[in-house]
Structure formats: structure tokens, C-alpha cells
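Me: I would like a close look at a single part of this protein. Please keep the explanation plain.

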Amino acid sequence: MSWGTELWDQFDNLEKHTQWGIDILEKYIKFVKERTEIELSYAKQLRNLSKKYQPKKNSKEEEEYRYTACKAFLATLNEMNDYAGQHEVISENMTSQIIAELVRYVQELKQERKSHFHDGRKAQQHIETCWKQLESCKRRFERDCKEADRAQQYFEKMDADINVTKADVEKARQQAQTRHQMAEESKTDYSSILQKFNHEQHEYYHTHIPNIFQKIQEMEERRIVRIGESVKTYAELDRQVIPIIGKCLDGIVKAAESIDPKNDSQLVVEAYKSGFEPPGDIEFEDYTQPMKRTVSDNSLSNSRGEGKSELKFGGKSKGKLWPFIKKNKGATPEDFSNLPPEQRRKKLQQKVDELNKEIQKEMDQRDAITKMKDVYLKNPQMGDPTSLDHKLAEVSQNIEKLRLETQKFEAWLAEVEGRLPARSDQARRQSGMYEAQNAPSVNNCAQDRESPDGSYTEEQSQESEVKVLATDFDDEFDDEEPLPAIGTCKALYTFEGQNEGTISVVEGETLYVIEEDKGDGWTRIRRNEDEEGYVPTSYVEVYLDKNAKDC
């Protein structure tokens with residue numbers, strides 16, 4: 001089956017059909033493009049949805065995600081984020097492997113189609129030209145034959161007429177011969193042109209057109225194959241992400257299977273357990289006894305006072321009736337005594353951990369100041385060692401305050417955990433020692449916190465902040481002209497210049513060198529007009545200017 005033989009006379013229809021094929025291909029490209037836009041939009045919406053329900057940092061929601069059910073929900077949000085990523089992969093692959101390839105192929109196809117039909121029209125024009133030439137020769141041959149017949153008839157008429165002279169007859173005879181000769185020549189030309197046209201027509205219908213139509217057929221079949229391959233690729237690109245999407249769904253299922261209701265119930269207990277015993281039975285109070293009805297006013301008031309005192313200080317009654325006692329909504333005591341035992345223990349433990357971190361921070365700073373003091377002792381030109389004594393003493397005092405504060409909270413923690421008797425003399429002495437040492441400098445101390453019933457009211461914890469002492473560094477350079485830069489340097493490591501005469505640098509930062517290392521291990525640098533100081537030479541890589549070296 002060949003279009004060249006079967007459709008030899010359907011040039012115009014083939015031209016329309018191939019144009020329709022290109023239109024179909026472009027329509028499919030448009031379809032895939034819209035699919036990629038849908039995939040991107042869907043992925044964006046999934047990501048926004050996942051982000052919307054993610055827990056906010058440093059909020060109550062983060063605490064809620066301790067429960068396994070909430071963890072499963074969080075895992076679902078994360079998996080949906082990965083799920084959205086696979087739809088983005090589908091869009092990217094379809095764009096690169098289908099749309100881009102087909103757009104380039106369509107341009108090539110249009111160019112090839114144009115070339116084939118240009119050859120077809122050229123062949124048509126040639127055969128039409130041959131046909132016109134044949135028709136012209138045919139008409140000339142026909143005309144010459146008629147002229148020869150008329151000339152022959154005229155000669156015969158003149159030859160039969162006795163009244164015509166011989167000269168006129170001879171002239172008519174010569175005219176007839178000339179016309180006959182012209183007819184023979186036209187016949188020869190017509191025969192030659194006819195043979196040539198038949199040859200050209202045979203070539204046109206059996207060689208040229210079949211070849212051109214065969215190429216058009218092959219072009220059209222390649223287009224059809226290309227569409228089939230693209231449709232297959234379309235499905236394969238979807239299929240490629242199915243395993244990853246399946247893993248995302250498996251992750252959601254695994255998260256769901258990890259939900260442990262018993263564990264969540266235990267977390268609720270840990271979060272809200274008070275540590276109190278349930279209230280016991282309330283004893284019957286008999287008001288019918290005469291002794292109680294005839295008591296005097298003094299005994300009644302004393303009785304009421306004793307009753308109030310028992311309710312307020314009696315540990316047993318307070319322990320039994322605590323659910324019915326109205327909670328104090330005022331300030332929270334420093335020792336968290338307003339909380340149930342278990343919750344109080346957690347708060348105290350948290351406070352102890354925070355204080356230990358503060359102590360470690362202060363100790364690290366003390367070590368740094370001590371090292372800097374040693375440097376000053378070895379290199380007096382770097383600074384005065386005695387200028388650090390006040391700072392060192394301040395840090396040591398802060399450490400001691402924090403340790404006393406920690407001991408106080410550890411004593412309360414031991415009291416809650418039952419390791420020590422309730423508010424032992426040792427704990428009270430430690431607390432009293434801290435209060436006595438902080439009385440001159442702390443406005444709201446523990447003595448002010450303690451209420452008449454022995455409990456503590458809430459106070460904002462005052463953490464000792466390390467304040468950097470004013471130095472003479474700025475004044476040292478104010479009265480003199482700034483030194484010119486002799487080169488540049490690049491910080492190899494980060495250096496925290498917290499002491500007199502030093503400057504902080506960040507790894508990778510580029511600064512100006514204004515004074516070389518003089519053998520003491522320090523280089524003087526400048527960041528801008530207002531910031532300059534010393535850094536350890538080993539912390540920077542120096543690049544001196546050639547002019548500076550020559551000097």
C-alpha cells in the first residue's frame with residue numbers, strides 16, 4: 001500500500017491531511033503543557049497545606065507533638081511535602097521529555113512537509129507546461145493541415161478552370177505544395193512533442209509523484225509513531241514516581257501504626273499528675289452536744305481561730321480537701337509551691353538545669369578572662385593585667401550567686417522528691433545564706449517573697465548578666481591619626497574579641513592590616529574607621545602590600 005500509487009491524484013487532500021496531523025500534534029503538546037501546569041499548581045497547594053498545619057516553633061503546639069497521634073499527623077504532613085515533590089518531578093520530566101522534544105520535532109516536521117509539497121507543486125507545474133506545449137503544437141498542426149487542404153482545393157479548382165492562365169495555376173500549385181510541406185513539418189513537431197509529453201507524464205505519474213507521496217507517507221507515519229511514543233512516555237513518567245509516592249504512603253501508614261494510645265495516656269499523666277492523694281471521708285461533726293452549743297464567745301472565737309489555723313497549716317486536712325480549695329490566681333511563688341507535687345518537681349528540675357547552664361557559661365567566660373590575663377602578663381604592651389581583675393572578680397561573684405541559687409532550688413527539688421525532710425534546717429540555712437548575701441544588691445529577695453504562711457509568691461527570676469566593662473581602647477586611638485593600612489588579611493577562624501584591645505572577626509571576613517605581629521602573637525587590624533584592634537596572628541592570613549614591605 002503506497003500513497004504514490006493509491007492516491008496519485010489526491011495531492012490537495014494529502015496537503016490538507018498532513019496539515020491536520022500537525023494540528024493534532026500541537027494539540028497534544030498543549031494538552032501535556034496544561035497537565036504540567038496542573039501538577040505544579042497541585043504540588044504548590046499541597047506544600048502550602050503541609051506548611052499551614054506544621055507546628056509553630058517555640059509555641060504550645062510543639063509540646064502537643066509529644067503525643068504519638070500528633071507525631072503521626074506531623075509525619076503525614078512531612079510525607080505530603082515529599083508527595084508534592086513527586087508531582088513537581090512529573091511536571092519537570094513532562095516538560096523536558098515530551099513538550100520540549102515535540103516542539104522541536106514539530107518545527108522539523110513543518111519544514112519537511114513544506115519541502116515535499118514544494119517538490120510536488122514543481123512537478124505539477126512542469127507537467128502543465130509540457131501539456132500546454134503539446135496543445136500549442138497540436139493546434140498549429142491542425143491549422144496547417146486545414147490550410148494545406150484549402151490550398152489543395154484551390155489549386156484543383158484553378159487547374160480545372162480553362163479561363164485561368166497557366167501562371168495562376170502554377171502559383172496555386174506551388175502554394176498548395178508549400179502548405180502541404182508546412183503541415184508535414186507541424187505533424188513532425190506535434191509527434192515529437194507528443195512523445196516527449198507522454199514520457200514526462202509517465203515519469204510524473206509513475207516516478208515523481210509516487211516518490212514525493214511516498215516521502216510524505218513516511219513523514220506522516222513517523223509523526224504517528226512519535227505521538228505514540230510520547231503517549232507512552234506520558235504514562236511512564238507517571239509510573240516512575242509511583243514507587244516513591246508509594247513510599248510516602250507507606251510512611252503515613254507506618255506513622256499511623258506507631259500511634260500508641262497507652263503511651264499518650266501516660267504522657268497525659270506526666271503532664272497533669274498532681275501527686276496528691278484523693279480526699280478521704282469527711283468526719284461527722286455533731287452539733288447537738290450541749291457542750292458545743294453553750295461554749296462562751298472567747299472559746300468560740302478561739303475555736304474558730306484554731307479551726308482556721310488547722311485548715312491553713314494542717315497538712316492532712318489540706319491534702320485531703322485540696323480539690324475543693326479555691327486556687328490562688330495571683331503571683332506564682334518562686335518555689336512553685338502553688339503547683340501539685342509532680343508538676344512542681346518538673347518546674348524545679350527545669351530551673352536547676354537552666355541555672356547549671358548559666359554557671360557553665362560564666363565559668364567559660366572566667367577561663368577566657370584568665371587566659372587573656374596571662375597574655376597581658378607575658379605581653380604588657382597588649383594591655384594592663386590588673387584591668388581584668390575587677391571583671392574576673394565580678395564573674396566569680398556571679399558564679400557563686402548562681403551556685404547558691406542552684407543549691408536553693410536543689411533543696412526544694414529534694415524536698416519534693418522526698419530525699420530530704422520538708423524544708424530541712426540545712427535547706428533553710430542555704431536559702432538564708434543566699435538571701436543574706438544578696439540583700440544589698442537584689443531588691444526582691446527571698447525574704448520579701450516569703451508570705452506569713454511560709455509559702456513563696458511569684459517573682460521574675462533575676463539572672464546575672466555579664467556586662468562588659470568599659471575599656472580605654474577607643475580613647476587610645478582618638479587622639480592620634482589613624483595608622484595607614486599596610487595590607488589586608490583574611491580571617492581563618494572566628495575570634496570573639498571580648499576583652500580590652502581586641503576585635504571580633506568572623507571566619508572568611510577580609511580586613512585591613514595596620515600593624516604587623518611584633519613577635520607577641522598578635523596582629524593589629526581595622527574593619528572601618530571606628531573598629532580596630534588586635535587578633536591572634538594564627539587566626540588570620542596576612543597579605544602585605546609590596547610598598548609596605550619595602551618600607
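Which residue stands opposite K490 in β2?

Reply: In this predicted model, local features need pLDDT of at least 70 and side-chain atom pairs count only at pLDDT 80 or more, while totals for chains, interfaces and linings use all residues. Residues are numbered from 1 along each chain as its sequence is written, and side-chain values use heavy atoms, with hydrogens and water left out.

The residue opposite K490 is T510 in β2. Strand β1 covers residues 487–491 and strand β2 covers residues 510–515. A strand here is a DSSP run of E with at least two residues, and numbering starts from the N terminus. Two strands pair if DSSP finds at least two bridges between them; β1 and β2 have four bridges and run in the antiparallel sense. In general, strands of a sheet pair through backbone hydrogen bonds, either parallel or antiparallel.

Both strands belong to an open sheet of five strands, in the order β4-β3-β2-β1-β5, with antiparallel pairing. At the edges are β4 (532–536) and β5 (540–544), each of which pairs on one side only. From one strand to the next, the twist averages 40 degrees. For this angle, axes are lines fitted to C-alpha atoms, and angles run from 0 to 180 degrees between N-to-C directions.

One further point concerns the whole structure: a search for disulfides, meaning pairs of cysteine sulfur atoms within 2.5 Å, finds zero.
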